Amino acid sequence: MIKKIIAVCLLSAAVVSCKKETAVSDKKPANDSIVTKEAIEDQYKPIDTACSPAHKTEDYITSLQWYRTKIEKEMAGNSPEQNDKVYEDYLKIRGKYTECLMNLHTNVLDKYVNYYNYDKDQYNLPDNVKKIASELKKAGLEFREVGEGITEIWTIPGYYSSLFKNKVTPDYEVYISQTDKESETNYAADAGLIIGWEQLGDRLMFWENFMNKYPESKLIKTVKQDYNYYLSDYLLGMDNTPTYEREQDKGTGKLNDENRAEFNRMIKKYPNSNTAKKAKEIITLFDAQMPVDQIHEKINGER
């Protein structure tokens, strides 16, 4: 009888113990889903920036999203100087992935201009292109027609400002903000300037002031290069939007009235600027009837 009682007690204890273990095992931590998500993120590795036909649109977009999340976490604990470097690196990574996406969708880019309906002034995209555009948007990218029937994939305006605002040094913040603004519209297309002459003049002065304010900035080389390209276009124009009318028989040229007026505006408004100095010089050269080819050599040789 005693043996039976002991056996029953042992059995009861075992059952209770099992129930406790089951209860414990069934009870999950409240943040289990968060832990799992973080574990998955830690295990994920972005694809190589070297383009491969084996990669799909989704692969590049997922990698771009991963990098954004990664640098957002990094920047929270970085100094502004460290985040300047983060910006430079991130710009290169996005550039490489974007190039891969363009290679992947060459066929779509070649046909994209044909999707535009001139009567309705809008694009009529087929479903497969709409799907691609939707995927690109997830990573802050879009299709951009750049002229001469060419379409590319660009970062949407304002993307970098939204990510790096108040995270980088003052010169980088100013640079990022301005380049975002400039990307809102195409600068040129079909070998001709799209923005107005006064707008280009103001853009030149912005970058000239930037160089004067931040002479030691790591961005100076890039800014100076861009400034010189803008200056050449401002003074001489582009193939389909020259600042002068060439006199074929003499090889000389006459400044267009609107360009002469713009140069005089610049000289009056910013008399001590390098841009105004160059505006004075171009007026003098054309008025002196120097051959146009020589003016081009002189202006571009002085950059």
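A191 is located in the loop that joins β5 (188-189) to β6 (192-193), where helices (H or I, at least four residues) and strands (E, at least two) are DSSP runs numbered from the N terminus. Although A191 is not a glycine, its phi is positive, at about 60°. The residue counts as partly exposed at 26% relative accessibility; buried denotes under 20% relative accessible area, exposed over 50%, and partly exposed the range in between (1.4 Å probe, protein chains only). The model is a predicted one, in which local features need pLDDT of at least 70 and side-chain atom pairs count only at pLDDT 80 or more, while totals for chains, interfaces and linings use all residues. Residues are numbered from 1 along each chain as its sequence is written, and side-chain values use heavy atoms, with hydrogens and water left out.

A positive phi, of about 65°, also occurs at N166, which is not a glycine. N166 is placed in the loop between α7 (159-164) and α8 and, with 61% relative accessibility, counts as exposed.

The chain as a whole has 13 helices and ten strands. Of its 303 residues, 37% count as buried. Among the contacts in the chain with a separation of 6 or more, 59% are between residues 24 or more positions apart, a contact being defined by heavy atoms within 4.5 Å.

The search of the whole structure returned one disulfide, the criterion being a pair of cysteine sulfur atoms within 2.5 Å. This disulfide is formed by C51 and C100, whose sulfur atoms are 2.1 Å apart. The torsion about the S-S bond of C51 and C100 is about -90°, and the disulfide is therefore left-handed. Because C51 belongs to the loop between α2 (32-43) and α3 (57-76) and C100 to helix α4 (residues 80-104), the pair ties together parts that are 49 residues apart in sequence. C51 is partly exposed, at 39% relative accessibility, whereas C100 is buried, with a relative accessible area of 2%.

Helix α4 also contains N83, which is buried at 1% relative accessibility. When residues up to four places away in sequence are not counted, N83 touches M75, N78, F164, K167 and V168.

Helix α8 (residues 170-182) and helix α9 (residues 197-213) have axes that come within 12 Å and cross at roughly 170°. Axes here are lines fitted to C-alpha atoms, for helices over the stretch in contact, and angles run from 0 to 180 degrees between N-to-C directions. The helices α8 and α9 are accordingly roughly antiparallel, under a scheme in which angles under 35 degrees count as roughly parallel, over 145 as roughly antiparallel, 65 to 115 as roughly perpendicular and the rest as oblique. On the α8 side the contact is made by D171, V174, Y175, Q178, T179 and E182, and on the α9 side by R203, F206, W207 and F210. These contact residues comprise five nonpolar, two polar and three charged; Ala, Val, Leu, Ile, Met, Phe, Trp, Tyr, Cys and Pro count as nonpolar, Asp, Glu, Lys and Arg as charged, and the others, Gly among them, as polar.

Strands β9 (residues 244-247) and β10 (residues 252-255) pair in the antiparallel sense over four bridges, pairing being assigned if DSSP finds at least two bridges between two strands. Y244 stands opposite L255 of β10. The two strands β9 and β10 form a hairpin with four residues between them, and G251 in the turn has a positive phi of about 80°.
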